[in-house]
Amino acid sequence: MPKKILIVEDEANIRELLRLYLEREGYTVLEAENGVEGIKKRKSDKPDMLLLDVMMPVMDGWAVCREIRAESDVPIIMLTAKGETADLVSGLEMGADDYIVKPLEMPEVIARVRAVFRRMAPDDAPEKLSFDNLVIKGKRVDAPPKEIELLYFLASSPNRVFTRAQLLDDVWGFDYFGDTRTVDVHVKRLREKLEGVSDKWELKTVW
C-alpha cells in the first residue's frame, strides 16, 4: 500500500510541485493550505508523514507541530525559508524530525522522505539492546523516529565519544544539509525523557 504524505503549505504552486514529484515516486499525496486544515486532515486521513511549512496564515507550522506532537509521533519534515533558520532550534525542540530550507530542491526532498521511511521499516528493526531501565527492541514507542535512531546508535557503542559531525554522518547521513544544532536539540530531548531512569548509565557530554 502506498505511503501517504500530507503537505501543509499555503502556497499552491509549491503544493503542486511537491505533489507532482511525490506522486511520481509512488506516494499518495494529501494537501492542506493552512495549519488548522492540516491538523484536521492529519486526524481524519492518518498520513504516514507531514511536510509542514513554517510560515502560514491562521496557524503557523511550529504551532501545528506542537499540537500534533502532543498526540502523535508521525514524522514531520519542516519546510522553512532561509531567513527563518534561527527558529529551527525551537522547532526541533517542539518535535520536528528534520527540516528543508527553501527554495526546495526536489531531489533533496525525495531523498529525505525516502530516508525517513527507510528508518521506519520494520525489516530494519535493530537487535535488542538492554541497559538498566532501558530496553531498545525495535518497536514503536512515543518518540520521533530520529530520537530513537540516535539513542540506538549511542547505546550500540557505550563508553565511546562521538563528535557532533560524526553523529550527523552516522545517524542523519552524509548527505544531511543541517547543522550541529540538530544534534544538540535531539540529545537534549533524549536527556529530558531519560532523566533519572537509572544511576548506572547516562548520556554524557565530553568537552
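A: Helices are DSSP runs of H or I with at least four residues, strands are DSSP runs of E with at least two, and both are numbered from the N terminus. The model they are taken from is predicted. By this count, the chain has eight helices and seven strands. V58 is in the loop between β3 and α3, the latter being residues 61-69.

Q: Why is V58 called exposed?

A: Exposed means over 50% relative accessible area. V58 has 67%, so the term applies.

Q: What makes the backbone at V58 stand out?

A: Most residues other than glycine have a negative phi. V58 is not a glycine, yet its phi is positive, about 70°. N159 also has a positive phi without being a glycine, at about 65°. N159 sits in the loop between α6 (145-156) and α7 (164-172), and its relative accessible area of 82% makes it exposed.

Q: Why is strand β1 said to be largely enclosed by the rest of the structure?

A: A residue is buried if its relative accessible area is under 20%. Of the five residues of β1 (residues 4-8), four are buried, so the strand is largely enclosed. Over the chain of 207 residues, 47% are buried.

Q: How do you know which strands pair with β1?

A: Two strands pair if DSSP finds at least two bridges between them. β1 and β2 (residues 28-32) are joined by five bridges and run parallel; one of the partner pairs is K4 with T28. With β3 (residues 49-53), β1 has four bridges, again in the parallel sense, and here M49 is the partner of I5. Both counts reach the cut-off, so β1 pairs with β2 and with β3.

Q: Which elements make up the β-α-β unit, and what is its hand?

A: The unit consists of β1, helix α1 (residues 12-24) and β2, and it is right-handed. Right-handed here means that, with the strands pointing away from the viewer, the path from the first strand over the helix to the second runs clockwise.

Q: What makes K102 and D53 a salt bridge?

A: Their N to O distance is 2.9 Å, and the limit is 4 Å. The pair links distant parts of the chain, 49 residues apart, with D53 in strand β3. D53 is buried, since its relative accessibility is 3%.

Q: What is the peptide bond from K102 to P103 called, and why?

A: The bond is cis, with omega near 0°. Most peptide bonds are trans. P103 belongs to the loop between β5 and α5.

Q: How do you know that E37 and K41 are joined by a salt bridge?

A: At 3.6 Å from N to O, the pair is inside the 4 Å limit. Both residues lie in helix α2 (residues 35-45), four residues apart, or about one turn. E37 is partly exposed at 26%, and K41 is partly exposed at 25%. The structure holds 15 salt bridges, and a network of them links R15, E16, R19, E23 and E31.

Q: Why is R189 called buried although it is an arginine in a helix?

A: The term rests on accessible area: under 20% means buried. R189, in helix α8 (residues 181-194), has 6%, so it counts as buried. Leaving out residues up to four places away in sequence, R189 touches L92, E93, G95, A96, P144 and E147.

Methods: Residues are numbered from 1 along each chain as its sequence is written. This is a predicted model: local features need pLDDT of at least 70, side-chain atom pairs count only at pLDDT 80 or more; totals for chains, interfaces and linings use all residues. Side-chain values use heavy atoms; hydrogens and water are left out. Buried means under 20% relative accessible area, exposed over 50%, partly exposed in between (1.4 Å probe, protein chains only). Contact means heavy atoms within 4.5 Å. A salt bridge is a side-chain nitrogen of Lys or Arg within 4 Å of a carboxyl oxygen of Asp or Glu.
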